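Please consult the structure as you read.

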Amino acid sequence: MTDHAADDDLLRRSQESIDEAEAAAAEVDLPEQEDLIDEDLPAADTAKPADGPAPAA
């Protein structure tokens, strides 16, 4: 097998993996964004960063 043929085979297998991943992702059933919003919850206006303030620039 020449280097060119080996590269073609690698590219073909890579594309097959990408195609399989895209097909699997398309099968995932995600709720609509509107379904994820719970409008009964109050806004967290006093939220603080979990790891402290940002460092000074």
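Q: What does the secondary structure of the chain come to?
A: The chain has two helices and zero strands; helices (H or I, at least four residues) and strands (E, at least two) are DSSP runs, numbered from the N terminus. The model is predicted, so local features need pLDDT of at least 70 and side-chain atom pairs pLDDT 80 or more, while totals for chains, interfaces and linings use all residues. Residues are numbered from 1 along each chain as its sequence is written, and side-chain values use heavy atoms, leaving out hydrogens and water.

Q: Why is the contact of Arg12 and Asp9 called a salt bridge?
A: A salt bridge requires a side-chain nitrogen of Lys or Arg within 4 Å of a carboxyl oxygen of Asp or Glu. The N to O distance between Arg12 and Asp9 is 2.5 Å, so the pair qualifies. Both residues lie in helix 1 (residues 3–27), three residues apart.

Q: What makes Arg12 partly exposed?
A: The relative accessible area of Arg12 is 41%. Buried means under 20%, exposed over 50%, and partly exposed in between (1.4 Å probe, protein chains only), so Arg12 is partly exposed. Asp9, at 24%, is partly exposed as well.

Q: How do you know that Glu16 forms a salt bridge with Arg12?
A: The closest N and O atoms of Glu16 and Arg12 are 2.8 Å apart, which means that the pair meets the definition. Salt bridges that share partners join Asp9, Arg12, Arg13 and Glu16 into one network.
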